[in-house]
Amino acid sequence: MERPYIFCHMMTSLDGKIMGNYMETPEGEAAGDVFYRIAFGKEPYYKHQGWLSGRVTTDDNFTFYETPDLDENAGPVPEGDFVAQPDADMYYVSVDPSGRLGWKNCTLTYEDTHAHVLEVLTGKASNAYKTFLRKLGISYIIVGKDALDYELTLEKLKKLFGIETLMLGGGGVLNWSFIQAGLCDELSLVITPSADGSSKTPTLFMTKEGLTIDRAVNFELEHLEAKDGGSIWLRYRVKK
Ligand SMILES: NC(=O)c1ccc[n+]([C@@H]2O[C@H](COP(=O)([O-])OP(=O)(O)OC[C@H]3O[C@@H](n4cnc5c(N)ncnc54)[C@H](OP(=O)(O)O)[C@@H]3O)[C@@H](O)[C@H]2O)c1
């Protein structure tokens, strides 16, 4: 399969949480800066052309659970994928199988990183939703009938958008699905020396019923480095 190289890059608390109050502490903020610099800073360690995010992560950070403005009477869109921008420097690749996200724009800004939005849909997304994306100039690919076809997704990201290196960027459900499918090459983890003990926040990897199971995966340590604010940066190769 012709696919991009995939690294999962995440920040966690000491107890493996990817969200929560610990992020607001000075230690959490310092680790957040370390996290950003490694993948998006002026001289980043990783040089990727896109980052992949789950639907919940996108709603939490960019679309804020807004309902998309759909025209149910729109005429049928042409079959297949829609490539609005084939040569962006950076893509925000949004896994949204049913077409639920209420985008307002075809680009987004994360800190000082600008990206073209690229939606990953399945056959569950409606004609009205695809019309909505076309009107906004948002690219989309259709990969699978009811469930995401991982290999087809990655092949299309490389072939249609030239993505050679892809960051797997959370949340826990998305991360685990790609790792279990054997489609993640490397894990990059920034651990902050803080925790908040919440039992409600998601962790780095999470199973989802009907999508993934709790079969163990092992990792081989490649790098360990102390960073600002007492954080540590770990890099692992994902054992196949
Ligand atoms: N600390 C960090 O570095 C970091 C980074 C990223 C995110 N986060 C946080 O993580 C939290 C969200 O994590 P989460 O695990 O709850 O959710 P998530 O992984 O962001 O999103 C899960 C949803 O994405 C879709 N999805 C993901 N993988 C899929 C697959 N293989 N096939 C089909 N659909 C798939 C499904 O959408 P549908 O429900 O629409 O079917 C699924 O319910 C957010 O609060 C976010 O801020 C933290």
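Biologist: Which residues is Phe132 in contact with, leaving aside its neighbours within four places in sequence?
Modeller: Pro68, Asp69, Leu70, Leu101, Gly102 and Trp103. Bear in mind that this is a predicted model.

Biologist: Where is the place of Phe132?
Modeller: Phe132 is in helix H3, which covers residues 127-136.

Biologist: Is Phe132 buried or exposed?
Modeller: Buried. The cut-off for buried is under 20% relative accessible area, and Phe132 has 9%, so it counts as buried.

Biologist: How far apart are the C-alpha atoms of Phe132 and Glu72?
Modeller: They are separated by 10.0 Å, while the two residues are 60 apart along the chain.

Biologist: Now the ligand. Which residues come nearest?
Modeller: There are 27 residues around the ligand, and the nearest are Met11, Arg55, Thr57, Asp60 and Val173.

Biologist: What is the make-up of that shell, in terms of nonpolar, polar and charged?
Modeller: The shell has 15 nonpolar residues, eight polar ones and four charged ones.

Biologist: Which helices and strands each supply at least two residues of the shell?
Modeller: Strand E1 (5-12), helix H2 (55-63) and helix H5 (172-180). The largest share is from H2, with five residues.

Biologist: Where does the ligand lie relative to domain 1 and domain 2?
Modeller: Between them, because both domains give residues to the shell. Domain 1 is made of 1-49 + 167-240, and domain 2 is 50-163.

Biologist: What is 2.9 Å from a nitrogen atom of the ligand?
Modeller: A polar backbone atom of Ile18. With Ser177, an N or O atom in the side chain is 3.0 Å from a ligand nitrogen. Arg100 also has a polar side-chain atom 3.2 Å from an oxygen atom of the ligand.

Biologist: And how much of the ligand's accessible area does the protein cover?
Modeller: On its own the ligand has 930 Å² of accessible area, and the protein covers 89% of that.

Biologist: Back to H5. Which of its residues are buried?
Modeller: Gly172, Leu174, Asn175, Trp176, Ser177, Phe178, Ile179 and Gln180. That is eight of the nine residues in H5, so the helix is largely enclosed by the rest of the structure.

Biologist: What about the backbone just after H5?
Modeller: Gly182 has a positive phi there, about 75°.

Biologist: Which peptide bond is cis?
Modeller: The one from Gly170 to Gly171, where omega is near 0°. Gly171 is in the loop between strand E7 (165-168) and H5.

Biologist: What is the phi of Tyr65?
Modeller: Positive, at about 60°, although Tyr65 is not a glycine. Tyr65 is in the loop between H2 and strand E3 (91-95).

Biologist: How accessible is Tyr65?
Modeller: Its relative accessible area is 49%. Exposed needs over 50%, so Tyr65 counts as partly exposed.

Biologist: And Glu111, what phi does that have?
Modeller: Near 55°, again a positive value in a residue other than glycine. Glu111 lies in the loop between strand E4 (107-110) and strand E5 (113-121).

Biologist: Is Glu111 buried or exposed?
Modeller: Exposed, because its relative accessibility is 61%.

Methods
Residues numbered from 1 in each chain as written. Predicted model: local features only at pLDDT ≥ 70, side-chain atom pairs only at ≥ 80, totals over all residues. Heavy atoms only, no water. Near = heavy atom within 4 Å. Polar contact = N/O pair within 3.5 Å; in protein donor to acceptor, adjacent residues only side chain to side chain. Areas by Shrake-Rupley, 256 points an atom, 1.4 Å probe, with all protein chains shown as cover. Helix = DSSP H or I, 4+ residues; strand = E, 2+ residues; numbered from the N terminus. Nonpolar A, V, L, I, M, F, W, Y, C, P; charged D, E, K, R; others polar. Domains from an automatic or database assignment. Buried < 20%, exposed > 50% of the residue type's maximum accessible area, 1.4 Å probe, protein only. Contact = heavy atoms within 4.5 Å.
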